[in-house]
Each structure stands twice: as C-alpha cells, then as structure tokens.
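My notes follow the order in which I checked them.

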Amino acid sequence: MTISHKAIRSSGWKTDFLIGFPDGLFLLFFATQVIQVFPIEVQTFYTIHLCALIIGAVLVMISAFQANKGDLQHDSALLSDQERTKLQRLDINPRMIAHIEQEMEKDAHSWELMLEQEKVKESAFSRSRAIKSALMTGVFFLLGGILSLGPYLSNENFAAASPTSILLVFLGLTIFSFIKAKVTAQRPLPVILRYWLMGAGILAGAWILHKTIF
C-alpha cells in the first residue's frame, strides 16, 4: 500500500515542458552532429537515433514519475530511528548526533522559508497526476528530439540536412527560452544567450570529436 506523503510536484505542462523539451533536443542534436559523418547506412543512422529517442523518453518519464513521487525519508526533519542507529554504530557520541539533528532542523526550516518565498507548493502524492506528468514530460522530450532529428528523416543527404537541423534547433531554443523566461519571471535575453551557448557548445564538442577521430 502506497503511503501518501508530501513533496514538490509538477505544476503542470509548463514544468514538464521545461524539463523534457531541452533534454530531447540537446540529446538528439549532439547525436546527429556526431554520428552523421560516420560511414554508416542511412537505415542504421535512423535506427540508432530512433532508439536513442525512445530510450531517452522512457528514462525521462521514469525520472519525472520518481520526482513527483517524492521520498518518505524527507518528510521529517528529524533523524529516523534507523539513521540514529547507523550513527551510533559508527561510534558517534550522543552530543554529536544531537548536533546533527539540530542542523537538519535548521536546514528544513530554511527550505520551508525558501519554498514559501518562491510560492512553491507541496502536495500529497497522486499516482494519476504523477503518471500524467511523466507522460507529458516524455511527449515534450520526443518533441525536442524530433526537432533535431526531423530534417535527417526527411532528407537522406545528411550534409544538406545538417544546416536545417541546426537552424531548427536554435529557433527551438529561442522559443523555449522565451517561454522559460516568462514562466520563471526572468529577462529573456540572458536565458536565450545561455541556451544558445549550450547549443554552440554541442556544435563545438562535435567538431572537436570529429577532428580527434578523423
């Protein structure tokens, strides 16, 4: 029987989008930029990337579900009996154990104040809501991945498809940055520049890898 406990939950599609979309986009962007220059068959190229896309989406969904599920261990700011026993077995004296517990209480109080200031709400675990969040995160992951991979699927001339993919990726990063800036109440330009630099870093990394291998 699942015990209901509190944790920070997904606030809806916005949270799922901010998590899933860039992960899918960057993963497939890096993979396509690296693998396209290898002498492999077109179908093999497609198979590798579609497998990466599906496996990545599954892993992201599992992570999103676990994040929504939370952890019973952190429901209490106090040491559990099991944790206290482990400390005692390490020959830690009672005064030190009491000090550790006091520090845990202080950290928990600071965490609660931060959540209150940021207007972040905690709620009890809901399996249906966690599954929905996981599925939405997976969908956005796939959307980001397809944005990177799409031009290669429509054009078997990978050298010609690459510039289109790069253009779509940076366009997607720009739109994503505007949405993230609005959701997180940040100025758009720094967010855009940060994600453009990440995209440029992937291109530079792929170029360096190609020079190293070939």
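I began with Phe158, which sits in helix H6 (residues 158-183). I keep in mind that the model is predicted.

Is Phe158 buried or exposed? I find Phe158 buried, because its relative accessible area is 11% and the cut-off for buried is under 20%.

Next I looked up what touches Phe158. Beyond its neighbours within four places in sequence, I list Gln36, Val42, Phe45, Tyr46 and Tyr152 as contacts of Phe158. I also checked Val37 against Phe158: 121 residues separate them in sequence, and 8.3 Å separates their C-alpha atoms.

Helix H1 (residues 13-35) and helix H2 (residues 42-69) have axes that come within 10 Å and cross at roughly 155 degrees. That angle makes H1 roughly antiparallel to H2. I note the crossing of H1 and H2 as right-handed. H1 brings Asp23, Leu27, Leu28, Ala31, Thr32 and Ile35 to the contact, and H2 brings Phe45, Ile48, His49, Ala52, Leu53 and Val60. By class I get 9 nonpolar, 2 polar and 1 charged residues in the contact of H1 with H2.

Last, I went back to H6 and looked up helix H7 (residues 188-213). The axes of H6 and H7 come within 8 Å and cross at roughly 150 degrees. H6 and H7 are therefore roughly antiparallel to each other. H6 passes H7 in a right-handed crossing. Residues in this contact include Phe170, Leu173 and Ser177 of H6, and Tyr195, Trp196 and Gly199 of H7. The class count for H6 with H7 is 13 nonpolar, 3 polar and 2 charged residues.

Note on methods:
Residues are numbered from 1 along each chain as its sequence is written. This is a predicted model: local features need pLDDT of at least 70, side-chain atom pairs count only at pLDDT 80 or more; totals for chains, interfaces and linings use all residues. Side-chain values use heavy atoms; hydrogens and water are left out. Axes are lines fitted to C-alpha atoms, for helices over the stretch in contact, and angles run from 0 to 180 degrees between N-to-C directions. Helices (H or I, at least four residues) and strands (E, at least two) are DSSP runs, numbered from the N terminus. Angles under 35 degrees count as roughly parallel, over 145 as roughly antiparallel, 65 to 115 as roughly perpendicular and the rest as oblique. A crossing is left-handed if the near helix is turned anticlockwise from the far one by less than a right angle, and right-handed if clockwise. Contact means heavy atoms within 4.5 Å. Ala, Val, Leu, Ile, Met, Phe, Trp, Tyr, Cys and Pro count as nonpolar, Asp, Glu, Lys and Arg as charged, and the others, Gly among them, as polar. Buried means under 20% relative accessible area, exposed over 50%, partly exposed in between (1.4 Å probe, protein chains only).
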